[in-house]
Each structure stands twice: as structure tokens, then as C-alpha cells.
Amino acid sequence: MELFNLSPIISIGVVCILALLVDPLSKGKFGILYWFSIIGLIVTGAFSLLTINFNPSDITSMSQMPISKGMVTFGRYASFLDLLFILGGLFTLFAARPYFQRENWETNEFYTLILFAVSGMIIISHSNHLLMLFVGIEIMSITFYVLAGYFRATLKSVEASLKYFLLGSFATGFLLYGMSMIYGATGTMYLQEFQTGVSIASAIKAGMINNQAFLAIGFAMLIVGLSFKAAAFPFHQWAPDVYSGSPTVVTAFMSTAGKAAALIAFIIIVRALIPIGITNPEVLALTHKGQMVIAIISAITMLIGNITALVQKNIKRMLAYSSVAHAGYLLIGIAANNEKGWTGVVFYLSAYLLMQIGSFVVLSVLEQKTDKNLELEDYAGLYKKYPVLSAIMSIFMFSLAGLPPFAGFFGKYYLFTAAIEAGFTWLTIVAVISSIISIAFYIGLVVWIYFKEPKEELQAHYGSASITLFLTTVGIIVLGIFPSYLQSIITKFLN
């Protein structure tokens, strides 16, 4: 039974290893590994669907987990998140091939790196141990360092990769040091009990802390490390340069699936370090301070991201700064630290993946000769030649701005109600103000598309990217019309 429940992790691991063998055997035929990667992700997704209804609470003893020893969790929310990451990988693959063929940069290495990045994300979603969580984060991060510099003959791409690597390594130090401090404070690396005896959550809940200073320092260091991975203030400075310097389809993947994985890691850590039901007054006061720190980071991140995006003329850079702002919105649910907050984060991550990856894919379809046709003025009068593409981009912008009846509106609604319920009304007010600011640049792009005269005609090259555009657009509309269905599924699996 345990082997079957581990099948999503085993599947993606086998796919990654086989990809390393398919690459040399394909003899330069890029299509072979491209289709292998797509089939491999679909097979892994099928295993996630098959295990999604398994409830970890059905495990009654450690003898039922001879392989994992409780270091990973199975089914329910972990399998649901697997599907989210796999969708991100598939959308990226569909959009990447025509983009790289046009740029004459298609290689088998790209498809292999996407598979390894998804494997890291899946390990994160299944983690119930600090070391497993660290391994998942680092597998994902290392692939991102390479992907950012994929255009290795382009100075901007090499610079993006180097910045990401140096700052990412710095953040990794904070993560590892923070984890060691938490271990010193609680005496365990297990995050939740899950039939493994004492865990970080149970130790904190019962007040069984060896050293409160270690706990406070460890918590602070983990917030620093994870804030960098999620591009939250004040560790967001790398994001605009890395996102704008990376290939557009890589930016789409990093800023959506990558950010989702970082936020899931944040949730896993916060649920362990700030468990519900703490009785020790000193520990309770400490955890409240931790929540307040996350709330303050959330507020400043939203404002910084949206205000800076407001003055950008390059669309790719504008979306990069808006990605920083969305990290702030997502941190609202983590600061709330309640059921509505966790549900809101996962719902918003699902909606955000669709609307943000779709926006970058539109850019990749119209981009020419690397970083050409990415300015606001380049999109002037786009609707005259490409009315459908213009409508799709407008839907993405409306959803990112949080306008009804699209998925982005309900994502923000769930997060805001969770914050109010947790007593963070002031944070909700900041979020509403930030959302109003964001309308200016999101709708500003729509104005350029529909109300400005074109200077020159753009050429769109769809290929398989049309699959991504179609699925993301339909997803945003469906989630906007029937948000309660996804919310009920998330609520069921998070409990």
C-alpha cells in the first residue's frame, strides 16, 4: 500500500532518470524527448489522481511506512498539489517548443530540466520532514538557476542566471541554518506527527521547547529563506532582473509553478511552527509575533510590487513586478494561519498559475529575436490583426487585477475573508488599496491593445502554445463562474 501511495514520487523520479537516457539515444531528435516529457508528466498525474483519495490519518503505526519512515505524506492535498505542478510543467512544454524553434535554441536539456524542476516541486508537496523539504527546494532551485541562463549566448540571460545562483545560494544558507535551529529547539525534524512520535508541531503545541531563542532564530531564518524563494520583500530584488533576463517561457514557469512550490513550502513550515491549539503562553506570544512579521512582509510586498510595476514600460518586467505583488497577496493566507487562509492560498495559486502563465505565453507568441516586441507601445492596436489573442490577453489582465467574474477575483476574496477572520483587517485594507493600484497597469495594457494606433504589425507564432492559451483561458473563466467547486475540493483535501 505504501509503495502505491508513493507512486507519484517514484513515477516522476523514474521519468527524470529515463530522460537522461533518452537524450543521448535520441541522437539530436528533439521531438522524441519532448513527447517523452509530456507522456511522463501525464503518467505521473495519473498516479496522483489514483492516490488523491487516500487519507494519511488511516495509517495507525510506523510499521505501515517501512519505506518512507513518515518522512513524506501521501494522497489528499499532496496529490492535489502534484496535479497543479504537473499542469504548470505541461503548459510550459506546450509553449516552449514553438518558442525555442523560432529562436533556434531548442535542445533536449530544456525538457529534462523541466522534468527535474517538477520532481523537486512534487517532493516539496509530499514533505513531512525538514530534510525532505530542503531536498525538494534545492532540486527545484538548481534547475531554475540553469534555466534562467538557457540563452547562454545572451548577456542578459547569463546575468540573470548568475544573480539567481549567487542570491539563491545565500538564501539556502538561511534555510539550512534555520532548520538546524528548529531541530535544536524541538529535537525533531518531522513536521507533523503522522504516527512518527514527537514532531515539530506537537512539540510546539505542548510547549516542549528545549530553547526558545533557537526557535525564534530558526523561525526568522526560515522566513528569510522562504521569502527569497517566493520573491517577497525585502528579498524580492532578484526577481525583476532574473525574470526579464530569462527566456519568456522559463519566466512563465518560474513565476508560477516555482512560486507556487515556494508558497507551499511556506505553508508546510508555518503549519508546523504555528500549530493551532498552543497552550504555553510564552510560545503563543512568540508565534503571534511570527504571524505579525509575515503580515508586515505581505503588506509591504504588495505595495512595493504594484507601485513599481506601475511605472514599467516593458511588459515582461511589469509582469515580473506584479509577480512580486502576488506573492504578497498569497502571504495573506499564510499570515492568517487558519483553514480559510490555507484554502485561499491553494485556490489563488491555482488561479494564478493559469492567468500568469497564460500572460507570459502570449508574450512568447508575439516575441521576436529575443526580447523584441515586449514594450507597451508594441502592443498598440493589437486587436486589429489578432482579435482573439487580444481578448485572451485582456482576460488574463482582468483576472490578475482581481476583477469579476474571473478566477483572480475569487482568489483574492477568499484570502481577504481569511485575513479578516484572523483579525488582520488592516492587512485586508492594504491589499484592497494594492489591488486598486494594480488596475492601472493591468487595464493600461488593455488600453494600448484596443485604444491606440499600431506603429507596426506584430507576427504571432502559435504552434502548440495554442493548447496552453486555450486551457488557461477556459480554466480562468470556469473557476470564475464555479469557484465553489474547487474551493470545496481544496477544503476536503486540506483537512
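Leu471 counts as partly exposed, because its relative accessibility is 36%, a value that falls between the 20% limit for buried and the 50% limit for exposed. Leu471 sits in helix α19 and belongs to a nonpolar surface patch of about 820 Å². Please keep in mind that this is a predicted model.

**The nonpolar patch**

- Alongside Leu471, the patch is made by Ile467, Phe470, Val474, Ile477, Val478, Ile481, Phe482 and Tyr485.
- Helix α19 covers residues 465–481 and gives the patch its largest share, 7 residues.

**Salt bridges between separate helices**

- Side chains of opposite charge can pair when their charged atoms come close.
- Searching the whole structure turns up 5 salt bridges.
- One of them joins Glu138 to Lys229, with 3.9 Å between the closest N and O atoms. Glu138 is in helix α6 (residues 130–148) and Lys229 is in helix α9 (residues 212–229), so this pair ties together parts that are 91 residues apart in sequence. Glu138 and Lys229 are both buried.
- Another salt bridge pairs Glu421 with Lys340, and here the closest N and O atoms are 3.3 Å apart. This pair links distant parts of the chain, since Glu421 belongs to helix α17 (residues 407–421) and Lys340 to helix α14 (residues 339–366), 81 residues apart. Lys340 counts as partly exposed because its relative accessible area is 44%.

- Lys163 and Glu159 meet through their side chains in a salt bridge of 3.0 Å, N to O. Both residues lie in helix α7, 4 residues apart, which is about one turn of the helix.
- Lys163 is partly exposed, with a relative accessible area of 29%, and Glu159 is partly exposed too, at 39% relative accessibility.
- A network of salt bridges links Glu159 and Lys163 with Asp241 and Arg317.

**How α7 and α10 pack**

- Two packed helices are described by the angle between their axes and the distance between the axes.
- For helix α7 (residues 155–186) and helix α10 (residues 238–245), the angle is about 145 degrees and the axes are 8 Å apart.
- The crossing of α7 and α10 is left-handed. On the α7 side, the contact is made by Lys156, Ser157, Ala160, Lys163, Tyr164 and Leu167; on the α10 side, the residues are Trp238, Asp241, Val242, Ser244 and Gly245.

**Two buried residues**

- Ser298 is part of helix α12 (residues 281–310). Ser298 counts as buried because its relative accessibility is 0%.
- Which residues does Ser298 contact, leaving aside its neighbours within four places in sequence? They are Gly328, Leu331, Ile332 and Leu427.
- Ser298 and Val432 are 134 residues apart in sequence and 13 Å apart in space, C-alpha to C-alpha.
- Thr251 has its place in helix α11 (residues 248–273). With a relative accessibility of 0%, Thr251 counts as buried as well.
- Not counting residues up to four places away in sequence, Thr251 touches Tyr243, Ser246, Lys316 and Phe360.

Definitions and conventions. Residues numbered from 1 in each chain as written. Predicted model: local features only at pLDDT ≥ 70, side-chain atom pairs only at ≥ 80, totals over all residues. Heavy atoms only, no water. Patch = residues over 30% accessible without salt bridge, like charges linked within 9 Å, V, L, I, M, F, W, Y side chains within 5 Å. Areas by Shrake-Rupley, 256 points an atom, 1.4 Å probe, with all protein chains shown as cover. Salt bridge = Lys/Arg side-chain N within 4 Å of Asp/Glu carboxyl O. Buried < 20%, exposed > 50% of the residue type's maximum accessible area, 1.4 Å probe, protein only. Axes fitted to C-alpha atoms, helices over the stretch in contact; angles between N-to-C directions. Left-handed = near helix turned anticlockwise from the far one by under 90°. Contact = heavy atoms within 4.5 Å.
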